[in-house]
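Reader: Hi, can you walk me through this one? Please keep it brisk.

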Amino acid sequence: MTRIAIDRHLHVDVEIDNGRVTEARLSSTMFRGIETILKGRDPRDAWAFAQRICGACTTSHAIASVRAVENAVGAVPPPNARLLRNLIMAAQTILVSTGMTETLERFHALLGGKHPHLQSFLVGGMATPIDPDRGASLNARTIAQLRALVARAKDFVDRVYLPAVLAAPRLEHGGNFLACGEYAEDDTLNPLVFLPAGVLRDGKLDVFDASKISETSAKYSWIKAPRYGGEAMEVGPLARMLVAYASGQKDVKAAVDALGVPLDRALARAVEARLLAARLVRWLDELSDNVRNRELRIVDNLKWEPASWPKTAEAIAFHEAPRGALMHRVRIEDRKIADYDVIAPATWNGSPLRGPVERALLGAPAAEIANIVNSFNLCDACGAH
Amino acid sequence: MTVSRREFVKVCGAVGAALALPARVVAEALASPDRPALIPLSFQACGGNSPSFKSALDLFAQAKGPSIALVEGSIPTKPGYCLVDGRPALDVAREVCGGAAATIALGNCASFGGLAAAHPNPTGAVGVAEAVPHARNVINLPGCPANPENVTAVIVHYLTFGRWPDLDAQRRPLFAYGKLIHDACDRRAHYDAGQYVEQWGDDGHRAGYCLYKLGCKGPVTSHNCPNVRWNGGASWAVVAGHPCIGCAETKFWDAHTPFYEHLPGGVHASVDTIGAGAAGLVLAGVAVRGVVNAVRRMKANDDADRD
């Protein structure tokens with residue numbers, strides 16, 4: 001076995017025969033025990049703990065955590081919270097895809113105080129006061145600053161990033177894909193989403209059913225082995241774009257058809273970044289309309305006090321993080337966390353026991369190992385936590 | 001140097017702000033051929049300190065000076081939880097930090113064990129100073145993450161004055177941790193006037209009132225967030241509308257939680273019920289003034305009503 005380092009604490013052990021990979025085992029060697037640390041704590045604090053699972057995708061675990069607790073206690077974030085979260089999430093995905101740090105970190109700092117580890121999340125909404133007539137609130141000046149940063153990001157994606165990715169050689173892909181859906185576009189219980197949920201098996205689209213997720217583990221890695229209907233699933237921008245395309249999402253279809261080449265992981269990231277950068281403008285318009293109409297609510301205050309919650313509750317929540325589908329599950333007993341479970345994108349993709357990365361490596365030329373593994377953009381902090 | 005001129009000038013300005021030095025002095029220090037060589041080490045970390053890593057490493061590329069370990073992440077004392085290049089984190093930390101002229105701990109995890117060390121600390125995580133007692137010149141830059149401006153400022157301080165900055169009892173540089181968040185807070189005037197946010201999004205929240213009642217830990221946290229701010233001076237947590245969680249303090253994940261419960265004492269309590277201990281003294285001042293101001297405000301309202 002030859003060991004190849006991928007990230008600070010991620011490596012893959014491979015066996016090579018005749019210049020081709022015959023065995024591959026991906027493993028993580030870093031563990032903190034965050035799910036254990038969360039037990040017994042106030043569920044409203046959970047997002048800050050969970051957020052620190054990852055400092056690269058610093059918004060992902062915070063979002064998934066507040067959603068899980070909201071689902072458990074019945075809190076309903078108001079429209080502004082949905083828009084603020086959409087803005088923050090999309091900026092995070094574009095940041096991870098493009099590496100456009102300065103512009104998008106500043107965008108995040110305006111909405112979350114700082115990046116990494118934005119600090120404006122709350123169970124039931126966002127802590128960002130909105131008031132057109134107050135200097136201490138999000139107002140016309142903030143919106144103008146955000147618009148200028150979005151314009152800069154959009155320009156970079158359209159004129160530099162996407163053309164550069166298009167010019168690079170393409171990688172092949174295959175297997176199963178899962179997307180859990182993201183970017184709610186309305187405030188109903190089952191909102192329309194910009195990027196739909198779905199499962200692709202051998203090119204056949206199926207509805208996403210959370211009850212089909214199960215977990216096992218292997219001795220050789222701290223990363224768990226999640227399965228959907230017993231099968232390993234690739235998650236991430238490619239999964240999102242393929243599922244959206246198969247679902248007939250018209251923006252995605254138009255953008256992909258215009259490329260003239262088939263998608264691969266890198267190209268899916270670039271196409272998605274382009275669509276999200278354009279979408280950011282629309283969400284800023286909506287936020288601006290709300291401010292104009294003095295729709296200033298940011299939190300569901302009726303569900304803030306734990307006394308307003310059921311004594312015992314359990315829920316799961318999903319979020320399409322930059323690197324793919326993320327799930328948090330929380331069980332609350334006596335208004336404290338009794339159990340917490342995270343399945344991160346790197347858990348799906350970096351899964352042991354023939355997960356997507358291991359499978360993509362089998363049979364590949366030895367010279368392609370680094371390219372293939374890097375195409376998944378795995379995160380070692382998220383994979384095991 | 002691998003940074004652009006534009007970036008360089010910006011860094012000099014920001015670091016100058018942290019150290020209260022002119023940008024020109026900072027620029028001279030950073031261009032010195034004796035600037036230290038930095039060795040990055042990552043243990044049990046989320047990667048959130050990598051902006052600090054990156055900016056420091058870029059500025060100090062091809063340096064000839066003494067070697068300085070830059071550490072992110074806590075170090076597990078129980079075996080098997082963190083390997084670096086196949087070796088236990090503790091062994092690597094002892095070797096590298098033990099041999100370095102100085103070690104800069106980036107963030108609360110490297111400084112004090114941080115999140116992984118929170119109860120029940122499943123992996124026996126500790127900070128660098130505890131993991132490597134013989135390490136020389138350990139400088140802690142807690143925060144979650146460390147503010148990149150302060151990281152560069154520490155090294156500039158060394159290059160400018162020929163010695164490491166003075167530290168407090170927790171090995172934090174006084175220039176960045178010598179003052180309570182509360183004392184430099186943008187919302188401080190409202191605290192002094194007894195004006196508090198009662199509920200998220202209420203009129204006081206929108207007007208920038210004090211976040212004390214919703215759990216702000218600014219009164220017991222020392223850090224220069226209000227002055228240096230974050231991401232090129234864009235903002236900081238309290239300005240964004242959320243209470244300070246006190247991420248620059250030891251054991252804040254246990255000592256400052258639940259985050260949304262207000263500090264003991266304060267506006268609701270009489271002076272007798274204020275907690276004892278190191279924070280108690282600070283709180284006593286906070287609480288006395290809070291009560292006095294609230295009473296004064298109520299009186300003023302009464303007077304206004306009478307008029």
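This is a predicted model: local features need pLDDT of at least 70, side-chain atom pairs count only at pLDDT 80 or more; totals for chains, interfaces and linings use all residues.

Reader: OK. How many residues of chain A are in contact with chain B?

Author: 53 residues of chain A are in contact with 52 residues of chain B. Contact means heavy atoms within 4.5 Å.

Reader: And how much area do the two chains bury?

Author: About 4,400 Å² between them, with 58% of it on carbon and sulfur atoms. Buried area is the accessible area (1.4 Å probe) that two parts lose on being put together, summed over both. In chain A, the residues that lose the most area to chain B are R8(A), R32(A) and Q119(A), together 13% of what that side buries.

Reader: What about polar contacts across the interface?

Author: The rule finds 25 residue pairs in polar contact there, both residues at pLDDT 80 or more. A polar contact is a pair of N or O atoms within 3.5 Å; within protein, one must be able to donate a hydrogen and the other to accept it, and residues adjacent in sequence count only if both atoms are side-chain atoms.

Reader: Which helix of chain A gives the most to that side?

Author: Helix 5 of chain A, with six residues. Helices here are DSSP runs (H or I, at least four residues), as are strands (E, at least two), numbered from the N terminus.

Reader: Switching topic. How does the span of helix 3 of chain A compare with what it should be?

Author: It agrees: 14 residues (60-73) at 1.5 Å a residue should span 20 Å, and the end C-alpha atoms are 20 Å apart. The expected span is 1.5 Å times one less than the number of residues.

Reader: Is helix 3 of chain A largely enclosed or open?

Author: 13 of its 14 residues are buried, so helix 3 of chain A is largely enclosed by the rest of the structure. Buried means under 20% relative accessible area, exposed over 50%, partly exposed in between (1.4 Å probe, protein chains only). After helix 3 of chain A comes G74(A), with a positive phi near 85°.

Reader: Now charges. How many salt bridges are there over all chains?

Author: The structure holds 46, and the count between chain A and chain B is three. A salt bridge is a side-chain nitrogen of Lys or Arg within 4 Å of a carboxyl oxygen of Asp or Glu.

Reader: Which partners does D131(A) have?

Author: D131(A) bridges to R206(B), closest N and O atoms 2.9 Å apart. D131(A) also bridges to R134(A), at 3.1 Å. D131(A) is buried, at 2% relative accessibility, while R134(A) is partly exposed at 23%.

Reader: What about R188(B) and D192(B)?

Author: Their side chains meet in a salt bridge (3.0 Å, N to O). They sit four residues apart in helix 10 (residues 188-192) of chain B, so about one helical turn separates them. R188(B) is buried at 13%, and D192(B) is partly exposed at 30%.

How values were computed
Residues are numbered from 1 along each chain as its sequence is written. Chains are lettered from A and ligands numbered from 1 in the order in which they are written. Side-chain values use heavy atoms; hydrogens and water are left out.
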